[in-house]
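Okay, thanks for coming, everyone.

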Amino acid sequence: MVTVSSTLSAALLQAHRRGPKKSLPAEVYSQFLSDAAKERKPSPIRGLYPLESRPGLISLLAGKPNATTFPLTSIQLKARSPTDPEQEITTDLSGNALAEGLQYGPTAGIPSLIEWVYGLQEKEHGRKKGEGWRVSIGSGSQDVIYKAVNAIFNLGDSLLVESPVYAGVIPMFTALRLDLVEVQTDSQGISSDSLRSVLENWPAGKPKPKALYTVPYGCNPTGMTATLERRREVLRLAREHNFLILEDDPYYYLYYGDAVRAPSYFSLELEQPEVGRVLRFDSLSKILSAGIRIGFLCGPDALMTVIDMHTAVASLQTPSLTQSIAFALLDAWGYAGFRAHTAAVSAFYRTKRDVFERAMRTHLAGLAEWDAPEAGMFFWFKLLVGSDTEEGDSESIIRTNAVERGVLALPGTVFLPNGRKTAYVRAAFSLLPPEEVEEAIKRLRDVILDAKKAQSV
Ligand SMILES: Cc1ncc(COP(=O)(O)O)c(C=O)c1O
């Protein structure tokens, strides 16, 4: 039996025990679908796949290659044990599991991995299979974010985005010429006051935003994690103003704060009178492998149907083989092993965060300002190079002067939807050994001092 994880609050546990939750009716979603999504038709071949499993039915349907011609006979996986890194676990991918990985498979993902995700989401977020939501596996979460954005937005629609925002999604939004409505963020994550103010001052006659895009844990770029109160308020506003929440959460398992973690939006919506506003994007990139390219989207059936139709024409499916490899490992670990592994990964990044912050305190005190992240792998800091009346601009300092001094970081402007100038900088602390952190921060110190000197002449 699946047990609900300790991340769920008492209120959520109650909601969970109350049994099936009312979902928004399917008709509601037509207002959220883009014209392109409404035009999507099921693949004539893939649409009939489910019939192939009917007992007694002889299928002449799909042009699947005959697997006896495939040369691979087994794949041996060796991985560190999640509980004892000194120990190596060997898993064989062979027989039916390998056959599943070598053949075309269902558009949404191979059944074994999909079932594993259902189990995970029940444990981690208290959401049960069969209650109006589904899973779709993508080639990384980026893939399913792209498809979801295209399933929802028409050219010129309004989208609420926390600002600053993950730079990797801005081109998706600008390609659709979306009206990006910035919602402020601070050390407690997205500002629900700013969101409320945007919505309450929405111009009369202008169509309301269809969705909010947010990265709630260890946000890329700010490193901040949204508090429970903020999350609850965002969910209330979503219901009041009728929008969807795109919960992009690749750093969820990289939480290393001292306080008990806040539940996800996907979980917290169980407290609402009905569920179905949250599309949750998870990623295996930061915890298993970025190159394996596996992410998963969980969301309401009506949206998942059109997203899967997009996959069916774009790539047929996410590679079965990478899904099979991921499943073989996850299955060998079990959920307890997965939890142990992710706990070790988050502890690793906590140590990295501490090393980085120590160096910042030593070398950047008085030259930069920051809030320490409690999840993820980024520091977002403000260069104190402005005047009394104007915030400074990190762009040329970071792009030119810093590179000349031998240190590379990202100027904050690339994370601002309108590209305005900012004194902020994003630094990733995931890779560097302590000696290089020390050297990088010393170089940054010299760069900031140069900039200040240049200002004063
Ligand atoms: C906020 C955010 N969303 C999505 C992604 C894409 O991740 P994936 O590797 O799962 O496609 C990233 C990658 O860095 C990210 O930072």
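When I say helix or strand, I mean a DSSP run, H or I with at least four residues for helices and E with at least two for strands, numbered from the N terminus. What you're looking at is a predicted model, so local features need pLDDT of at least 70 and side-chain atom pairs count only at pLDDT 80 or more, while totals for chains, interfaces and linings use all residues. Residues are numbered from 1 along each chain as its sequence is written.

Let's do the cis prolines. Pro 221 sits in the loop between strand E7 (211-214) and helix H8 (228-240), and a cis peptide bond joins Asn 220 to Pro 221, with omega about 25 degrees. Pro 164 is in the loop between E4 and helix H6 (170-175). Ser 163 and Pro 164 are also joined by a cis bond, and there omega is about 0 degrees.

Next, the domains, whose bounds come from an automatic or database domain assignment. Domain 1 covers 65-75 + 90-338, and domain 2 covers 349-456. Their C-alpha centres are 30 Å apart. Their contact takes 22 residues from domain 1 and 17 residues from domain 2, where contact means C-beta atoms, placed from the backbone, within 7 Å. On the domain 1 side, strands E4 (158-163) and E5 (179-186) are the elements giving two or more residues. By class, that side has 13 nonpolar, 8 polar and 1 charged residues. For the classes, Ala, Val, Leu, Ile, Met, Phe, Trp, Tyr, Cys and Pro count as nonpolar, Asp, Glu, Lys and Arg as charged, and the others, Gly among them, as polar.

Now the inside. A nonpolar core here is a set of buried Ala, Val, Leu, Ile, Met, Phe, Trp, Tyr and Cys residues joined through C-beta atoms within 7 Å. Buried means 20 or more other C-beta atoms within 10 Å of a residue's own, exposed means 12 or fewer, and partly exposed is in between, with C-beta atoms placed from the backbone. The largest core has 82 residues, and Ala 326 is among those touching the most other members, along with Ala 148, Ile 152, Leu 160, Ala 211 and Ile 245. Beyond its neighbours within four places in sequence, Ala 326 contacts Leu 113, Leu 284, Leu 288, Ile 292 and Ile 294. There's a second, separate core of 38 residues, including Tyr 256 and Leu 364.

Arg 293, in the loop between strand E9 (278-283) and strand E10 (295-300), has phi near 50 degrees, a positive value in a residue other than glycine. So is Arg 293 buried or exposed? It counts as buried, because it has 20 C-beta neighbours inside 10 Å. Leu 316, in the loop between H10 and H11, also isn't a glycine, and its phi is positive at about 70 degrees. Leu 316 counts as partly exposed because it has 15 C-beta neighbours inside 10 Å.

Thr 311 is in helix H10 (residues 301-314). It's buried, because 23 other C-beta atoms lie within 10 Å. Setting aside neighbours within four places in sequence, Thr 311 contacts Thr 107, Lys 147 and Gln 317. Lys 147 is 164 residues from Thr 311 in sequence, yet their C-alpha atoms are 7.9 Å apart.

That's my tour, thanks.

How values were computed:
Contact = placed C-beta atoms within 7 Å.
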